[in-house]
Amino acid sequence: MSILARDGITVVLGSQWGDEGKGKLADILCGEAEVCARCQGGNNAGHTIVVGKQKYDFHMLPSGLVNPKCIAIVGTGVVVHLPSLFQELENLEAKGLDCDGRLFISDRAHLVFDFHQTVDGLKEVELGRGSIGTTKKGIGPAYSSKASRSGLRVHHLYNEEEFSAKFRTMVSNKMKRYGIFDYDVEGEIERYKQLAKRLKPFVIDSVLYLHEALKQGKKVLVEGANALMLDLDYGTYPYVTSSSTAVGGLCTGLGVPPTKVKKIIGVVKAYTTRVGGGPFPTEQLNEIGETLQTVGAEYGVTTGRKRRCGWLDAVVLQYSHMINGYTSLNVTKLDILDQFPVIKIAVAYKLDGKPLPSFPADLEVLERVEVEYIEMPGWQTDISACRTFSELPPNAQAYIRKIEELVGVPVEWIGVGVARDAMIRVNV
């Protein structure tokens, strides 16, 4: 039985605030995929894939590179910091991955420069106590350049005169806005001349490539970065990323119509985490939260920052499904709940005693909500060796079924450990 859509695109999306474990599922799916693509974000994303005793850290590159038969595409909607891209590629190849001839970059993708990273830090200082907790990778300022039609794209690298003139103007404008900062403009232009030569073999018209692949019936997997609650439009704005992390970002970021998207898998951590600032209704600032953080090793792959932890939030998941239309779910890190005698799930929000119909847009409202929970009995046994649904303890099975009931979507995959094979597939 195929694990990918036979006649179109399968997409893996984060359903919460990111860090749900999308990379592991993408790795499994890439065993069957012929093309794996990233559609948005930059090297502010991050996940770890474990193959045997080897760990691979991915930030910007599609994790399909772990499969030696899979082609990886960095799509138009991704913003690319070339030094980081090549460093990541070198790190993967140093661990034995042969990526030669299997990685391609859209000629329409926008570039992130070091001055974008400088500006990222300056913007955070400017925001002061309103800091949104950016990774300071320059992603937001690069998307700002793109939206203001002053950005530089990959294809601009191959017109040296145009690139140099536009680059000088971009830096000059940033200094007018943020003040003079230390930056070797001419040295950077020379560096990018060399980077352009190195990048040339990777550059393609990704729109044409993907449509040809679909026309040929190839199995295409799209790996979403970040997650729905970090979406620029539908997340907890302004504590969000700078791109469309919802399913719509796939279409705009890769240049494919929605009719080509056949399977949408929402990845759901068995509890909830988030990094950075912003309201978090089910956050547990107590022993429960500390246990989830410690047992779940809740530290960012890209930043190393501690993740805030709390109970599973079905209000978030229902809202997330409303927007993304999941065809199935992957519940990850179920094993992290092994030791809890009682497990809670948030099922509703109230404000001043009145139920809210959905997830609110206003963060001041979100800060004030009263969370209504249901309690479920834990299983208090190690489930990491389970490889079929029937092997899970009855209470663990009941927890999965309750998630299905609350979200209205079948659970297709269940993660029960760190290892590559620690994943249960449920017939859906």
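Q: How many salt bridges does the rule find across the interface of domain 1 and domain 2?
A: The model is predicted. The chain is divided into three parts, with domain 1 covering 9-107 + 202-265 and domain 2 covering 110-199. A salt bridge needs a side-chain nitrogen of Lys or Arg within 4 Å of a carboxyl oxygen of Asp or Glu. Across this interface the count is 1 salt bridge.

Q: Which residue forms a salt bridge with E90?
A: The closest N and O atoms of the pair are 2.7 Å apart.

Q: Which element gives the largest share of the side of domain 1 that touches domain 2?
A: Elements that give two or more residues to this side are β6 (79-80), α2 (82-94) and β7 (103-106). The largest share is 4 residues, and the element it comes from is α2.

Q: How many residues of the side of domain 1 that touches domain 2 are charged?
A: The residues of this side include 12 nonpolar and 11 polar ones. The remaining class, charged, holds 2.

Q: What area do domain 1 and domain 2 bury between them?
A: The centres of the two domains, taken over C-alpha atoms, are separated by 23 Å. The contact takes 25 residues from domain 1 and 25 residues from domain 2. Carbon and sulfur atoms carry 63% of the buried area, which is about 2100 Å².

Q: How many residue pairs are in polar contact between domain 1 and domain 2?
A: Both residues of a counted pair are at pLDDT 80 or more. With that condition, the count is 8.

Conventions
Residues numbered from 1 in each chain as written. Predicted model: local features only at pLDDT ≥ 70, side-chain atom pairs only at ≥ 80, totals over all residues. Heavy atoms only, no water. Domains from an automatic or database assignment. Contact = heavy atoms within 4.5 Å. Buried area = accessible area lost by both parts, 1.4 Å probe. Polar contact = N/O pair within 3.5 Å; in protein donor to acceptor, adjacent residues only side chain to side chain. Nonpolar A, V, L, I, M, F, W, Y, C, P; charged D, E, K, R; others polar.
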